[in-house]
2 protein chains.
Amino acid sequence: MKILITGLAGFVSRHFLNLLSEKKEDSFVIGIDRNEISTYTGSLKQIKIENIKSDLKDKEFLKKIIADFYPEYILHLASSSSVFKSWQHPADVFINNNLSFLTILDAVKESGRNIRILSTGTSDVYGISANTNPHIKETAALHPANPYAVSKASQELMAKVYVDSFGIDIIQTRSFTHFGPFQNENFVLAKFAKQLTLIKKGLQPPVLTTGNIDITRDLSDVRDVVNAYELLLKKGKSGEIYNVCSGKGIHLRDVLLLMQKKLNVDVEIKPNETLFRKGEIQSIIGDNEKIFIDTGWQPTITLEKSIEDLLDYWDEQTNKTNNK
Amino acid sequence: MKILITGLAGFVSRHFLNLLSEKKEDSFVIGIDRNEISTYTGSLKQIKIENIKSDLKDKEFLKKIIADFYPEYILHLASSSSVFKSWQHPADVFINNNLSFLTILDAVKESGRNIRILSTGTSDVYGISANTNPHIKETAALHPANPYAVSKASQELMAKVYVDSFGIDIIQTRSFTHFGPFQNENFVLAKFAKQLTLIKKGLQPPVLTTGNIDITRDLSDVRDVVNAYELLLKKGKSGEIYNVCSGKGIHLRDVLLLMQKKLNVDVEIKPNETLFRKGEIQSIIGDNEKIFIDTGWQPTITLEKSIEDLLDYWDEQTNKTNNK
């Protein structure tokens with residue numbers, strides 16, 4: 001596999017590289033990241049990585065990479081993906097996400113080369129449609145309810161035009177909530193896991209301040225998700241959009257209870273209404289039949305195992321912090 | 001009426017100013033245009049205009065105008081509205097339209113003032129939905145099929161978030177094809193009118209090269225359209241989206257025949273497939289019940305009258321060209 005990965009220093013990229021390194025086949029990766037050089041140090045026997053710090057909005061630079069490297073695939077993971085940040089800076093998030101994406105599309109179009117792009121999106125584009133559509137399908141109407149979700153819905157619409165009118169080979173995902181080791185603690189499950197391990201070690205009082213945890217989410221392990229991305233690159237149908245999800249809903253409150261039980265800690269949960277998000281969707285559960293039919297993908301890691309691994313990761317991380 | 005108009009030098013603004021000048025009430029207008037100072041010289045008894053050449057993407061400047069002038073209304077007409085240009089420069093058109101709009105929204109939000117915004121959009125957001133929905137309603141699914149339409153669909157989605165979560169008072173239109181004097185000849189009916197008057201005067205051979213004219217459009221006179229905008233500003237329901245359309249469909253080929261008949265000229269029509277647009281919609285006819293119910297608006301100018309006035313305008317314009 002010869003692949004250009006955007007957002008190489010991010011959480012999902014790290015797991016995608018892990019996936020490549022577990023495979024027998026040789027892989028050649030060029031990775032771009034605006035923020036930092038990837039610190040990935042996993043087993044890289046079969047992977048050769050060139051790691052570039054660059055802004056995705058530089059089309060000429062991208063065209064040069066495409067001309068020199070000629071990837072078969074582009075995995076577009078770079079994104080301002082914090083909903084919280086998108087409420088604070090709607091214009092910045094919207095413009096950044098769309099301009100990066102458009103720059104990639106135009107660079108590929110102008111290169112005249114046959115490169116398959118996987119554009120990773122979000123279940124957030126369904127917005128309020130999800131409240132009334134249990135096991136929401138890809139055909140449901142889009143009602144994005146936060147600026148981040150609008151930025152990704154716009155990308156979807158533009159991708160469709162590039163597929164239909166310019167013949168660009170694009171596959172898109174609507175990825176539901178996914179989590180695992182290395183995720184930034186701004187994301188809710190990472191935040192819970194970190195705090196609970198700190199509480200377990202007596203490094204934090206046994207009080208957990210949360211946002212709204214009386215909501216239902218469809219959770220996947222990031223390792224299942226990157227497996228879906230690899231299958232979509234190889235087997236997905238050009239122009240199609242795929243839910244990437246477990247197909248099951250769970251209350252965030254119950255996830256928190258599972259974590260407490262694993263760690264055997266008791267905490268006082270304090271929901272803080274000032275942390276509740278505007279436009280929060282009550283319940284979102286996806287239907288994953290389409291990706292199963294087209295690629296054979298299905299999730300393989302249980303929620304219990306995912307949570308165990310997440311807590312182990314944060315146990316290590318909080319040791320490091322503590323030893324500093 | 002105290003109003004900030006964006007795109008003041010444009011075709012629709014000119015007719016909106018005409019409408020204000022026909023009314024008895026005093027109006028105060030601040031107009032912004034990126035490209036040029038408005039050359040409007042109509043009767044301005046009741047209007048005081050301040051005419052500013054500025055880029056809409058300068059938020060601090062906009063905030064200053066809002067603080068100093070404190071408009072009741074913003075009529076947002078500025079837009080890269082050429083579909084043709086959007087195929088050539090998708091990213092530029094997309095970013096320009098959305099960044100301008102977001103800058104206005106954020107300037108209003110940060111001002112903390114109660115200002116009603118009318119954001120004018122396009123029936124192009126329906127895209128292929130229109131082929132299977134005769135008399136398309138505002139509730140139809142959006143399937144924009146060109147980059148300009150995607151840029152406007154994205155604006156709609158973002159406006160909804162600003163209404164629902166920031167309480168900004170926004171009304172949106174999906175304006176169908178409208179035409180009239182002063183429209184740029186890049187737009188199809190202006191182009192036909194100009195060429196036919198040149199042919200009539202023997203200044204051009206009697207051959208008209210066209211794009212695809214075997215398509216059905218819902219045509220309105222721009223004077224009816226600006227009347228709709230004024231009614232929507234005063235009576236529209238906050239957060240709502242309105243079709244602005246005649247409710248009737250006509251073949252472009254028949255419009256061309258009407259023009260020829262009025263001028264009493266015979267021309268050879270040469271459709272040129274290289275001028276056919278990608279993603280062209282075969283037929284689009286709107287339903288205007290919603291705007292009628294909420295504001296009482298209905299079109300008042302017949303197609304025959306609109307065409308007559310358009311031909312008169314181009315008759316004058318082509319005299320000027322000829323005399324130069």
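Colleague: Is B:Phe182 buried, partly exposed or exposed?

Modeller: This is a predicted model. B:Phe182 sits in the loop between β7 (178-179) and α7 (188-200) of chain B. A residue is buried with 20 or more other C-beta atoms within 10 Å, and exposed with 12 or fewer. B:Phe182 has 18 C-beta neighbours inside 10 Å, so it counts as partly exposed.

Colleague: What is the phi of B:Phe182?

Modeller: Most residues other than glycine have a negative phi. B:Phe182 is not a glycine, yet its phi is positive, at about 80°.

Colleague: Which loop holds B:Asn264, and is that residue buried or exposed?

Modeller: Phi of B:Asn264 is also positive, near 55°, in a residue other than glycine. The loop runs between α9 (252-263) and β13 (268-271) of chain B. With 7 C-beta neighbours inside 10 Å, B:Asn264 counts as exposed.

Colleague: How many residues of α4(B) are buried?

Modeller: Helix α4 of chain B covers residues 90-111, which is 22 residues. Its first and last C-alpha atoms are 32 Å apart, close to the 32 Å expected at 1.5 Å a residue. The rest of the structure largely encloses α4(B), because the buried residues number 16 of the 22.

Colleague: Which residue just after α4(B) takes a positive phi?

Modeller: Look just past the end of the helix. The phi there is about 70°, and the residue is B:Gly112.

Colleague: Which residues touch the most other members of the largest nonpolar core?

Modeller: In soluble globular proteins, nonpolar side chains tend to be buried together. The largest nonpolar core here has 180 residues. Take B:Leu75 as an example: leaving aside residues up to four places away in sequence, B:Leu75 touches B:Ile3, B:Ile5, B:Phe16, B:Leu118, B:Tyr229 and B:Leu233. The residues with the most contacts to other core members are A:Leu75, A:Ile104, A:Ala193, B:Leu75, B:Ile104 and B:Ala193.

Colleague: Which helices of chain A each supply at least two residues of the side that touches chain B?

Modeller: Contact between the chains involves 24 residues of chain A and 24 residues of chain B. On chain A, that side has 15 nonpolar, six polar and three charged residues. The helices are α4 (90-111) and α6 (147-166) of chain A.

Colleague: Why do the copies meet through the same surface?

Modeller: The interface residues of chain A are also interface residues in chain B, so the copies share a surface.

Colleague: What kind of axis relates the two copies?

Modeller: Chain A can be laid on chain B with an RMSD of 0.0 Å. That takes a turn of 180° and a shift of 0.0 Å along the axis. The copies are thus related as by a two-fold rotation axis.

Colleague: Which residue of chain A comes closest to the rotation axis?

Modeller: The distance is taken at the C-alpha, and it is 2.6 Å. The residue is A:Ser154.

Colleague: Which element gives the most to the side of domain 1 of chain A that touches domain 2 of chain A?

Modeller: The domain assignment of chain A gives domain 1 (2-178 + 219-244) and domain 2 (184-217 + 249-283 + 301-318). Their C-alpha centres lie 27 Å apart. In contact are 16 residues of domain 1 of chain A and 13 residues of domain 2 of chain A. With three residues, the element that gives the most to this side of domain 1 is α3(A).

How values were computed: Residues numbered from 1 in each chain as written. Chains lettered and ligands numbered in written order. Contact = placed C-beta atoms within 7 Å. Helix = DSSP H or I, 4+ residues; strand = E, 2+ residues; numbered from the N terminus. Nonpolar A, V, L, I, M, F, W, Y, C, P; charged D, E, K, R; others polar. Domains from an automatic or database assignment. Least-squares fit on C-alpha atoms with pLDDT ≥ 70 in both. Core = buried A, V, L, I, M, F, W, Y, C linked by C-beta atoms within 7 Å. Expected span 1.5 Å × (residues − 1).
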